[in-house]
Amino acid sequence: MDTGLPGLRCRSGRVDGVLAEELFAQLTREPDVDAPDLVAVDATDRLLLDEAATAITSHPDAVAVLDDAHGALTLGAVALHGATGVRVHQDLLVGERALAANAERTGLTGTYTQHALDTGLLRGARVVLAKAPKSLDALRELVQVVATAAHPEVTLYVGGRVKHMTLGMNDVLAEGFTDVHATLARQKSRVLVARGPRAVRSSFPVCREHADLGLTVCAHGAAFAGVKVDRGTRALLRALPSAVPDAATAVDLGCGTGVLAVALAAARPGLTVVGVDQSAAAVASAVATAAANGLADRVRVVRDDAAGSLEEGSVDLVVCNPPFHAGVAVSETLAHRLFAGAARVLRPGGELWCVYNSHLPHRDALRRIVGPTRQVSRDPTFTVTASTRS
Ligand SMILES: C[S@@+](CC[C@H](N)C(=O)[O-])C[C@H]1O[C@@H](n2cnc3c(N)ncnc32)[C@H](O)[C@@H]1O
């Protein structure tokens, strides 16, 4: 096949070093955040493509890819192993956009289709490549969908960094498959290989009632904190009664399971509330949480990157528990993207109420990006601030 890469033709079998490097050199993370320790293609992508090479070339039209970070798996399967019509699900919207941009750059647009994490994605799939999700529940949901919908002879390859892989992952894979084994590690990455799907049922979304908060929280596997309510979220919930009491419109930016959005809608009957998250699992969870609390008609949930699709200057109150990351530099980059989104959608005089780990240097950024920022509460772990759009 024509790989779309100038002068390169697809060679089947193991990833050809030169061809692979020419493909991977063209891939970028854009529009995802960038930082010195972040890459568009990692050792796990390379190992997954190597381990699955024979399976892909044997069933090139029955390949599905889950949680490809920026497109290396999808485009690698196409360009290096001849896959066609690859079905893809990526939880994160920026991942979808990065894959589309990388496909265009490498001339591979149209070689894959995007799907929800459902049976349509997996029906009849013989080869499934997946980046190991962060949580066991996210892996469990993935396993349940693959085991239910894929071909009985499917092989599922789940790759990750050795330091992030636990024996619990093997156990979760064994819930859905009779045969699970691990490959040898290479460059600190490893692949779990699962075959023999069992008859399993989907157990997501899971819902839990929090009597202390008067809320039921529903979560799909990949949603932040699952059915628990994060301690930072609780700190912001305590502060919410004094947040712009006369607001007519509010946005929960990075809404996760929708706890803040639903709490606001429940407490303020006249308020129009929008929950925004770039994660498909978060959006589905927030929709389920709103429904479980009888507020489906009061909370609109949108899958979006930093509220980019909402009208500029249209919102009175934004609440946000921004994402964090082990590295402070990355945490800042991720959070600043949301602060900029809040600044864009707030009307002048509108406020961003934000909670974050007290050790993070967000206050200066809030002042710079949004406007004058005051401290609402602070303890050794969490700080809540209110920033007025200037
Ligand atoms: C720390 S969690 C908070 C979730 C929820 N608000 C809560 O308090 O439980 C941060 C959320 O922000 C979302 N997020 C991160 N970056 C985003 C972006 N650029 N646009 C939209 N949502 C984003 C994540 O998917 C995640 O659900």
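I started at Asn321: one of its polar side-chain atoms lies 3.1 Å from an oxygen atom of the ligand. I count such a pair of N or O atoms as a polar contact if they are within 3.5 Å. The protein covers 93% of the 600 Å² of accessible area that the ligand has on its own; I took areas from the Shrake-Rupley method with a 1.4 Å probe.

I noted that this is a predicted model, where local features need pLDDT of at least 70, side-chain atom pairs count only at pLDDT 80 or more, and totals for chains, interfaces and linings use all residues. Residues are numbered from 1 along each chain as its sequence is written, and side-chain values use heavy atoms, with hydrogens and water left out.

Next I looked at nitrogen atoms of the ligand. A polar side-chain atom of Asp305 lies 2.8 Å from one. A backbone N or O atom of Ala306 also lies 2.8 Å from a ligand nitrogen.

Then I listed the shell. It holds 18 residues, and Thr233, Gly254, Asp277, Asp305 and Ala306 are the closest. I required a heavy atom within 4 Å. Seven of the shell residues are nonpolar, six polar and five charged.

I turned to the second largest pocket, with a volume of about 240 Å³. Its lining has 15 residues; closest to its centre are His89, Asp91, Leu117, Glu141 and Ala281. A pocket here is an open set of points on a 1 Å grid where a 1.4 Å probe fits, with protein on both sides within 12 Å along at least five of seven lines; lining residues have an atom within 4 Å of a point. I found 10 nonpolar, two polar and three charged residues in this lining.

Note on methods: Polar contact = N/O pair within 3.5 Å; in protein donor to acceptor, adjacent residues only side chain to side chain. Nonpolar A, V, L, I, M, F, W, Y, C, P; charged D, E, K, R; others polar. Points joined across faces, edges and corners; volume = space filled by probe spheres on them.
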